[in-house]
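Work through the exercises below with the sequence and the structure at hand. Each task is followed by a solution in steps.

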Amino acid sequence: MFENFPHPILLAHRGDLAHAPENTLPSFTQAIQKGADGVELDAKLTSDGHVIVIHDSTVDRTTNGKGKVASFSLDEIRKLDAGAWFDGKFAGTKVPLLEEVFETVGRDKLINIELTNYSTPRDGLAKKVCELVRKHNNQKQIIFSSFFASNLKIAEQTLPEAPRGLLATPGVLGLWARSFGFMFGNYQALHPHISSTSREQMQRAHRLQRRIHVWTANTPEEIHRLKDWGVDGIFSDDPAAALRALGRGG
Ligand code: G3P
């Protein structure tokens, strides 16, 4: 999968987050148009079991509604506006279904699905997402990630061919994930925060024949430093600017 992409890969964090409402179809469309190697998105379940794409556990910040995502049915959440908060020109944009993102991104780019059922960990999200990937037969473009090892274990059992990246929180809280959790788990990549990343960490991962994908790098200095250290993937809020920093932009 990764051999078909440049090194390091550039993944657009929640789409073209700097220029469009995050985790929406316009955001993913723009990211692909700007040349990102793929997109990162946040998957969750509605109360009636549909896989949708939204970051927070509530709809408050990124829609005109209020309340917990898990309390909305698909019909209810689709009535909300997920674009106007960012800019009036995106008014009418909906919270997308994961399957709509698959259609929008197409089959040639990577899709990093973060399994983000952090407030409802037993809701069956990982299994449902794996079923959708099987249905679309697009496992060759999927990377799973999560802060919860339990989600990645289900992905491993259900869809073993899709690579898995263990997310690690910054600082001391993410220490276990970055060391023992990563080393002794069956992961193809570590996804650490940029503030807890070093050249040595990348060398350790490479000795294990694994990858490091770092979130979130936005300035040319950050991107140059990570590239110099041998990073395998970068999440950025502004894919066009990041690609320019990587020497791949127009
Ligand atoms: O997976 C990349 C990392 O940035 C976490 O993503 O969307 O939860 O901020 P997010």
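**Exercise 1.** Which residues of helix α5 (residues 149-158) are buried?

Solution. The model is a predicted one. Step 1: take as buried any residue with under 20% relative accessible area. Step 2: in α5 the residues that qualify are Asn151, Leu152, Ala155 and Glu156. Step 3: look down the axis of α5; the buried residues fall within an arc of 140°, so they line one face of the helix. Step 4: compare this with the general rule that an α-helix has 3.6 residues a turn, so residues three or four places apart point the same way. Step 5: find the cover over the buried residues of α5, which includes the strands β4 (110-115), β5 (142-146) and β6 (164-168) as well as helix α4 (125-136).

**Exercise 2.** Name the buried residues of helix α1 (residues 25-33) and state what they pack against.

Solution. Step 1: Ser27, Phe28, Gln30 and Ala31 are the buried residues of α1. Step 2: their directions, seen down the axis of α1, fall within an arc of 160°, so these residues line one face of the helix.

**Exercise 3.** Which residues surround the ligand?

Solution. Step 1: list the residues around the ligand: His13, Arg14, Glu40, Asp42, His55, Glu114, Leu167, Trp215, Thr216 and Phe235. Step 2: check the polar side-chain atoms against the oxygen atoms of the ligand. Histidine 13 has one at 2.8 Å from a ligand oxygen. For glutamate 40, the distance from a side-chain N or O atom to an oxygen of the ligand is 3.1 Å. Aspartate 42 also places a polar side-chain atom 3.1 Å from a ligand oxygen. Step 3: consider the cover; of the 290 Å² of accessible area that the ligand has on its own, the protein covers 95%.

**Exercise 4.** Which members of the largest nonpolar core touch the most other members?

Solution. Step 1: this core has 51 residues, and those touching the most other members are Leu41, Leu98, Ile113, Val129, Phe144 and Leu226. Step 2: by element, α4 gives the most to the core, with six residues. Step 3: follow isoleucine 113; beyond its neighbours within four places in sequence, its contacts include Leu41, Leu98, Val129 and Phe144. Step 4: apart from this core lies another, of eleven residues, including Ile54, Phe72, Leu74 and Val95.

Technical notes
Residues are numbered from 1 along each chain as its sequence is written. This is a predicted model: local features need pLDDT of at least 70, side-chain atom pairs count only at pLDDT 80 or more; totals for chains, interfaces and linings use all residues. Side-chain values use heavy atoms; hydrogens and water are left out. Buried means under 20% relative accessible area, exposed over 50%, partly exposed in between (1.4 Å probe, protein chains only). Helices (H or I, at least four residues) and strands (E, at least two) are DSSP runs, numbered from the N terminus. The arc is that of the directions from the helix axis to the C-beta atoms. Contact means heavy atoms within 4.5 Å. A residue is near a molecule or strand if one of its heavy atoms lies within 4 Å of it. A polar contact is a pair of N or O atoms within 3.5 Å; within protein, one must be able to donate a hydrogen and the other to accept it, and residues adjacent in sequence count only if both atoms are side-chain atoms. Accessible areas come from the Shrake-Rupley method with a 1.4 Å probe; for residues, only the protein chains shown count as cover. A nonpolar core is a set of buried Ala, Val, Leu, Ile, Met, Phe, Trp, Tyr and Cys residues joined through side-chain atoms within 4.5 Å.
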